[in-house]
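Work through the exercises below with the sequence and the model at hand. Each task is followed by a solution in steps.

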Amino acid sequence: MTGSRIRRPNDDSPVPITTVSKEEIFQSGRISVGDVLNDLPQLRSSLGSQNSTSGLGTRGVNFLDLRGLGRSRTLVLINGRRQVSADIINNGNAVDINTLPTDLIDRVDIVTGGNSSIYGSDAIAGVVNFVLKDNFEGLQFHAQNGISRYGDAGNQYASIVAGTNFAEGRGNIALNVEFAHQEDYYASGRPNLRQNDAFVVVDTDSTPGDDVSDRAFYRDLRSSTISLGGQVGIRYSAAAAPCGRDATGSTNAAYTCGFLFQPDGSLVNQTGLRVGLGPNGNFVGGNGTTSREGRLVVLSPDIKRYVANAVGHFEISPAFVPFFEAKYVRTDARGSQSGPFFSQGQTLQDGIDAGFDDRSYSNGGVAGTNREGIRLDNPYLSAANRNILAAQLSAAINSGVNPNTGTAFAATPAGLANRAAALAQVAAGTYRFSLRRNWLDLGTRDEQIRRELYRAVVGVRGDLGSDWNYEVSANYGQHSERNVITGNINTQRYLLAVDTTRNASGQIVCRSQVDAVYGGSDLAGNAAVLARDIAACVPLNPFGQGNVSDAAKAYLTTPTVATGKAKQFVASGFVSGKLFELPGGPLAVSVGGEYRRETLTYDLDPVTQAGYAFYNAIPSFKAPAFEVKEAFGELSVPIIKDVPFFKELTLHGSGRVADYKGSVGTVYAYSGDVTWRPISDLLLRGSYSKSVRSPYLGDLYSVPGQNYTPAPNDPCSARNINTGSSTRAANCAAAGRPAGYDYAYTASLEILSGGNTNLKAETSKSKTLGAVFQPSFFRGLTLSVDYYDIAVDGVITSPTVQAALNACYDSPTLSNQFCALFERAGASGGPNGEEPFRIIEGSYKDSPQNYAKLKTRGFDTNISFIRDFGFMKASLKGVWTHIVQNDAFTDPSRPNFKNVINGELGDPSDAFNISTDLKFGKFTVGHTFRWLDKMYLNTFEDYNSVNGGPPQNPDYAPLVQYPVTTYNDVRVAYDVNEKFKIDLGVNNIGDTKPPYGLTGVGANNGIYDNRGRFFYTGVTAKF
């Protein structure tokens, strides 16, 4: 039984278990069991088939996150044994559910609450145990095919299971071979997603909650900061504002004047209704990009899965039964959310000494030239376009600001001189402007990942007489992957190629080939590489989509190759049996030991590691082995049975001691529980446990390396300063915020990520209390209600960059650990050209700490009804989870300061699934209903008083919560005969779409289905 090594009936389980049968898996129309499980209320939608494109190196994996406590705190087992990790890119510990043999699964048990005393580290939230078929006999073929109403999102599945008993039933061997294919599909193929609908910031609060909605919902938004052919946005002063201004009247109220390069190289005004806050805002409609064209937004990757799995056993005697499990899995995945290489004028943070005071990006004339900016004398720029841009740049400078950065010229003699110098450079053609372009012409940065898994288990089990049994096993697994990132760009070569001029013969060449100072310095300090790049440089025409030559594309693109491997070895054994009789039955015990060793490696190609490629320069990872030696035991004490009000009363306890290599040392886990049957129809149960999670290899040993976080919202910007705590504005001022500071990120922020060798184990305490009611007067009905309470201390985590920035300024003072994680530029700007007070690129230090606490409480209700009425067989199964509390405590200086997660996007307070099947002879009709509660657009704290403070931003948007969402699936099956069955089904028959422009991809909103109405058919044949 899952949750114990002592044999007893499942109905008597002292901890809540939700079981998903093999029939339920295929009734769903899904071809991945992970997708089926991720729809259960107990599990938070983690990375699955739909949203595994949200991070680097994760497309095609399927992870589980029980209770929303994080996938590293959900222990996944196969027949009660571990499987090697597949979370290579994060150097983490999580099992890829796509490696499970779908057709060989007998059932899936989901156990709530800490189980470390039974199974070891990681079982903080609970356990998901996949139980495989053990005595399959015969030959079975199963195939399924499906497609969405939009003609995309197809999937195909084919499986053969063959098994036979031999030696008069003492032995069995079964083999499963299966293939599954899920086709990729894109936002451009969906009417509701091919345009960009979203909430746009339209107001800044002068005081928190000024009753004017900060956001408004618009349809068909177009970008004002990037395009596929090149966009130019000229900054003007708020007083001039020739292209309009927002309603705030701030120093950044003036909208940029937008221009778009067309495929023929011409330059046109960007059109559409301007909305949002200056200087950028958005356009509604018009001729700009939606950023949804073609394959820019993938809704689900293309995944091919090949599985071969064998299980077998042979009873030499009841006391000696050798067994084995063996499998090979290969998955091929492609489909990236990264999009193509993009450049927005200052993305690459270039700055070389070209021998003069370049005024393009610095009003003070810093001796640094940004080659990413395009010079006005670029030979690919027509005279007409040059005149248009020169006039705009001059007008912007004359309005009193830098046209690229918006920084005001000082009203002093020096400031006037700087303005005159900038105008002179415009006239001379040496002034540069920011061309903001999504370089689709250079290809999409797609990830083509091949993962391979080998796993073998060999062991011996047996019964020692009638009361004792044992098992000894060895388990080895190896996961390896190779990720080829196509369409990646060598950024050093890009800076050389985009900066062009004419040579003495009038040919267009790279400027560095004419003037050596424009070669700059090599990104990795290798002068020979730079010399070769300059010699081979091919000039790049940056104006208009479709104008990149094949030679330029070949020069710029560089495939990035990432490889990784994880290995796991586990040796374990236990003996279990009965000691002596008590009034309630035999006193049962189980004792055993386990040794586990794991290794993990990750490597990138030398070009990317050196920092040349437009991809995170992640250092090679090869850590010391993870090793642990453990001893464990269980005791079951039946106190009494078969007396009035005590049909059964049993106590159960378990404990484990683990000795970890490294900083963790020796840790202990234990649990105790009780089951009480006052009458036959009612079981009452309760449990208490302490569990542990050891830091994994990536937590401990990751080498600090370059990383990026999505464009954050600077809490000190004018648009955000009154949307946090009551101390935010004062703290920003104390940190040196300039008057009118309102920087808005349009691109990701560079950070530095690494591990921490001083980490300790996490600990959790969990309680469950529940009842199982099986009324004898209502045959076939089982109803269970269980309360769970899980608290995790010493949580190993790094705050998100956004959370850390907010926490820095929302704390009582600046004397907190979050402010120490990053640096801001001084009054003269930052080393990479950052504006004054902006966060310095690469200064944020991201490393895990044991500093947080997690707390979740709630109720699970399960109902099951199975009854044969003669003319009809009825089956109903429902699961409802009601979350009372889901809080994160991430500030060690304020241990009771909580961040409420419950009710936010991805974490509904209530969710339930109900599945019904009615079988009439050979026909079966079924229906599944899934219900998701309302969820907040942003944070719970925006609208509710938390930690004794007022609501932080009650006018965040006119819509407070996303609405209740429901899904209905219907299915029909026909048994042609005992050996042949046909299935037909329609999932999401109402074609329910993600609300308010959400894509169903990425953090949190993956809880919504983006596939839409889906038709499938399947056949099962037995021979």
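**Exercise 1.** Decide whether F261 is buried or exposed.

Solution. Buried means under 20% relative accessible area, exposed over 50%, and partly exposed in between (1.4 Å probe, protein chains only). F261 has 4% relative accessibility, so F261 counts as buried.

This is a predicted model: local features need pLDDT of at least 70, side-chain atom pairs count only at pLDDT 80 or more, and totals for chains, interfaces and linings use all residues. Residues are numbered from 1 along each chain as its sequence is written, and side-chain values use heavy atoms, with hydrogens and water left out.

**Exercise 2.** Classify the aromatic pair of F261 and F543.

Solution. Step 1: rings of Phe, Tyr and Trp (its six-membered ring) pair if their centres lie within 6.5 Å; planes under 30 degrees apart count as stacked, over 60 as edge-to-face and the rest as tilted. Step 2: the structure holds 29 aromatic pairs. In the pair of F261 and F543, the centres are 4.6 Å apart and the planes are at 35°, so the pair is tilted. Step 3: F543 is buried, because its relative accessible area is 2%.

**Exercise 3.** Classify the aromatic pair of F818 and Y851.

Solution. Step 1: the centres are 6.4 Å apart and the planes form an angle of 75°, which is edge-to-face. Step 2: both F818 and Y851 are buried.

**Exercise 4.** State which residues form one aromatic cluster with W439.

Solution. The cluster consists of F341, F342, W439, Y494 and F614.
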